[in-house]
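Please walk through this structure with the text below, keeping the sequence at hand. The two chains come in turn, followed by the place where they touch.

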Amino acid sequence: MLPDQTPSVYAGGANVIAVLILLLEFGMFRQALLRDQVRLYAGQSGLLAALAVLVGAVRDLPGLYVLAAVTAALKVVAIPLVLRRLLRGADPADVPATGADIAGSGGLGLASTVLIAIVVAAFGFFAAGALPISASAAPVTALSVSVSVVLVAFVLMIQRRDVASQAIGLFSLENGVSLAALVVAASLPLILEVALTFDLLLAVVVFGLLIRMHHGRTESLSTADMTSLRG
Amino acid sequence: MSVLLPVPVVQVLQVVTIAGAAPAVSGLIARLEARLQGRRGPRVLQPYYDLAKLFRKEALAPDGASWVFLAAPIAAFTCYLTVPLLIPVLTTYGLPLGYMGDILGGGFILSLASFLVAVAALETGSPYAQLGASRAKTFAAITEPVILFVVFTVSLLTGTDLPYALAATVRSSAGQIIRPAHVLAAAALFMVILYETARIPVETHTGTNEFGMIEEARPFEHSGPYFALLRWGSAAKQLILYTILINVFVAPWGLASTQQAGSVLLAMIALPAKACLLGVVIAVIDNSFAKLRLFKITEFASAAFLLAVLGVFTLYLGGG
């Protein structure tokens with residue numbers, strides 16, 4: 001920690017975008033509607049694309065523009081569209097009867113959850129900060145933030161007891177991993193990055209179908225009924 | 001104009017600016033809110049007329065209330081007029097009394113004032129004023145950690161926690177403004193200010209009988225000049241908090257860097273103008289959000305805490 005060491009405008013901007021991604025992850029704790037949850041995920045992916053453009057422009061890596069375009073097309077447009085298409089009728093906004101499914105699915109109060117998530121995020125921050133990684137493309141702080149995003153996504157998936165939030169938690173976890181990849185290995189071969197992103201699309205379809213089946217069987221997005229399956 | 005003002009005069013002008021412009025800023029926000037809701041709204045200068053009217057009225061005290069009840073508004077108002085001496089209101093350079101206390105010192109004086117008002121509210125025996133005082137103290141305890149973490153951020157950034165030093169650091173380069181720690185601390189402070197000035201996500205600013213009232217319920221039993229002092233004091237507190245946000249965190253430009261009368265005068269105009277711009281933002285927020293339920297205020301505070309804590313975290317990892 002060096003108080004008088006001012007980061008460059010580029011590093012500051014990249015860090016702010018990374019922190020915003022983390023803040024949107026925290027925002028997912030309080031969303032009550034599937035539609036808003038998906039919208040938040042789209043916003044988070046949009047920020048990721050913006051960060052890719054910024055890193056690409058400053059570090060002169062034209063491959064990142066393509067990655068940003070693919071990210072924007074898939075995660076901001078396609079995946080939310082697929083999710084909404086698959087879950088049509090399952091959103092409490094459409095069916096008032098199931099309105100409590102997502103809204104009250106938290107196992108803990110919001111304030112306590114945020115405090116727990118802050119502790120978990122702190123662990124991620126300092127654990128990653130202790131690693132002797134020197135990132136060439138993006139500032140190291142963004143790497144720590146990405147570890148926090150992954151851990152906070154875990155908290156989201158553990159704490160919310162509805163399939164929709166758990167699926168979105170998993171997808172946003174992937175956003176955290178992409179953020180880390182952007183920081184540590186910005187010059188990763190483009191084909192790998194794109195393949196990973198399409199992998200995600202497959203996961204989205206599988207999860208969408210699972211959620212749809214679950215909703216069709218139990219008429220609810222809550223996972224509370226699944227406990228009766230225990231032996 | 002090359003008339004040099006002596007330092008004590010500049011120091012007095014700081015207090016005069018805050019006390020003089022505070023009702024106008026409140027009036028502008030009230031007017032703007034009314035316009036946004038399609039009402040005509042009160043005049044911008046209405047708070048001054050209110051104060052003048054209240055100062056002419058007779059003062060009453062509830063039966064059994066001791067001298068504390070009447071002394072508290074005066075003492076609280078004194079506290080509010082002391083804080084402008086500690087923060088950069090008009091000048092970029094620290095005035096002699098500016099080093100009496102740091103940000104925490106200013107915060108202590110503000111909480112002392114709020115404590116005195118709460119004690120006076122307890123003196124009345126009125127359940128409503130007491131409820132307001134109790135709520136104000138409860139939620140103040142929740143927002144306190146946020147303020148502490150904002151101060152930590154400031155002291156990590158500058159190596160000191162004098163408000164003048166942070167303002168100078170912010171002016172020094174663009175990299176300082178955009179770094180996440182600074183952005184997060186400013187956002188957290190803004191949320192605390194929304195709470196402290198009783199604005200919308202926390203409390204309805206206008207309105208006289210509402211169950212969710214916190215700050216505004218406390219002066220219920222005061223009347224006449226004492227009530228006027230409390231009203232004026234809360235307007236001054238609002239402008240003080242805006243000044244801290246604007247002149248220390250967000251836009252420390254337009255301050256006088258010399259003792260020349262012209263530049264000091266310019267700063268005296270620039271501060272209320274910037275505060276009015278912030279007031280526009282506040283009025284828009286007031287009209288676009290619903291008031292939180294009383295027990296949801298902890299969630300608001302936890303969001304502010306999150307921002308402030310993340311600010312400190314990013315700093316610890318080397319220059320975030």
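Of the 231 residues in chain A, 46% are buried, where a residue is buried if 20 or more other C-beta atoms lie within 10 Å of its own, exposed if 12 or fewer, and partly exposed in between, the C-beta atoms being placed from the backbone. This is a predicted model, in which local features need pLDDT of at least 70 and side-chain atom pairs count only at pLDDT 80 or more, while totals for chains, interfaces and linings use all residues. Residues are numbered from 1 along each chain as its sequence is written, and chains are lettered from A and ligands numbered from 1 in the order in which they are written.

Chain A has eight helices and zero strands. Helices (H or I, at least four residues) and strands (E, at least two) are DSSP runs, numbered from the N terminus. Read along the sequence, the pattern of chain A is α-α-α-α-α-α-α-α. Two residues are in contact if their C-beta atoms, placed from the backbone, lie within 7 Å. Among contacts in chain A between residues at least 6 apart in sequence, 77% join residues at least 24 apart.

How do two helices of chain A lie against each other? The axes of α1 (residues 9–27) and α6 (residues 140–159) of chain A come within 9 Å and cross at roughly 10°. Here axes are lines fitted to C-alpha atoms, for helices over the stretch in contact, and angles run from 0 to 180 degrees between N-to-C directions. That crossing makes α1(A) roughly parallel to α6(A); angles under 35 degrees count as roughly parallel, over 145 as roughly antiparallel, 65 to 115 as roughly perpendicular and the rest as oblique. On the α1(A) side the residues that meet α6(A) include Ala14(A), Ala18(A), Leu22(A) and Phe26(A), and on the α6(A) side they include Val145(A), Val149(A) and Val152(A). By class, this contact has 11 nonpolar, four polar and one charged residues. Ala, Val, Leu, Ile, Met, Phe, Trp, Tyr, Cys and Pro count as nonpolar, Asp, Glu, Lys and Arg as charged, and the others, Gly among them, as polar.

Chain B has 11 helices and zero strands. Its radius of gyration (taken over C-alpha atoms) is 19 Å, close to the 20 Å that the globule rule gives for 320 residues, so chain B is as compact as a globular protein of that length. The globule rule is 2.2 Å times the number of residues to the power 0.38. Of the 320 residues of chain B, 52% count as buried.

One helix of chain B, α8(B), has 17 residues and reaches 24 Å from its first C-alpha to its last, close to the 24 Å expected at 1.5 Å a residue; the expected span is 1.5 Å times one less than the number of residues. Because 15 of its 17 residues are buried, α8(B) is largely enclosed by the rest of the structure. Just after α8(B), Ala198(B) takes a positive phi of about 60°.

Leu116(B) sits in helix α4 (residues 103–124) of chain B. Leu116(B) is buried, with 21 other C-beta atoms within 10 Å. Leaving aside neighbours within four places in sequence, Leu116(B) is in contact with Ala72(B), Ala75(B) and Ala76(B).

Finally, the chains meet: 27 residues of chain B are in contact with 26 residues of chain A. The largest share of the chain B side, 10 residues, comes from α11(B). By class, that side has 14 nonpolar, 11 polar and two charged residues.
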